[in-house]
Amino acid sequence: MHPVLFSIGFLTVYSFGALIAVGYLAGATLIWRDAQRSGKDPAPLLDLGVGLMLAALLGGRLLYILLNAEE
């Protein structure tokens, strides 16, 4: 896998971030469709998804810092 998908001027799109975004959008779409089918409001579930995404990114970064503190 290429680490950089493309670069336009000062904007560089990395494959890791793009795949995270695609995964989040796919999950949000599935949540939206399932909530509409069952007659529920999808907004709280989508808000939870945003919170979980932020928590996962911050937790992953914190773990990286803790594991590489010696360097």
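Predicted model: local features only at pLDDT ≥ 70, side-chain atom pairs only at ≥ 80, totals over all residues.
Residues are numbered from 1 along each chain as its sequence is written. Local features need pLDDT of at least 70, side-chain atom pairs count only at pLDDT 80 or more, totals for chains, interfaces and linings use all residues, and side-chain values use heavy atoms, with hydrogens and water left out.

The elements below are DSSP runs, numbered from the N terminus: helices (H or I) have at least four residues, strands (E) at least two.

| Element | Residues |
|---|---|
| Strand 1 | 4-8 |
| Strand 2 | 11-14 |
| Helix 1 | 15-38 |
| Helix 2 | 43-67 |

Strand 1 and strand 2 pair in the antiparallel sense over 4 bridges. Pairing takes at least two DSSP bridges. Ile 8 stands opposite Leu 11 of strand 2. The hairpin has 2 residues between its strands, and Gly 9 takes a positive phi near 60°.

**The helix pair.** Helix 1 and helix 2 pack at an angle of about 155°, their axes 10 Å apart. Angles run from 0 to 180 degrees between N-to-C directions, and axes are lines fitted to C-alpha atoms over the stretch in contact. The two helices are therefore roughly antiparallel (over 145 degrees). The contact (heavy atoms within 4.5 Å) includes Tyr 24 and Trp 32 of helix 1 and Gly 49 and Met 53 of helix 2.

**Ser 15.** This residue lies in helix 1. Ser 15 counts as buried because its relative accessibility is 6% (buried means under 20%, with a 1.4 Å probe and protein chains only). Leaving out residues up to four places away in sequence, Ser 15 touches Met 1, His 2, Pro 3 and Leu 5.

How values were computed: Parallel < 35°, antiparallel > 145°, perpendicular 65-115°, else oblique. Buried < 20%, exposed > 50% of the residue type's maximum accessible area, 1.4 Å probe, protein only.
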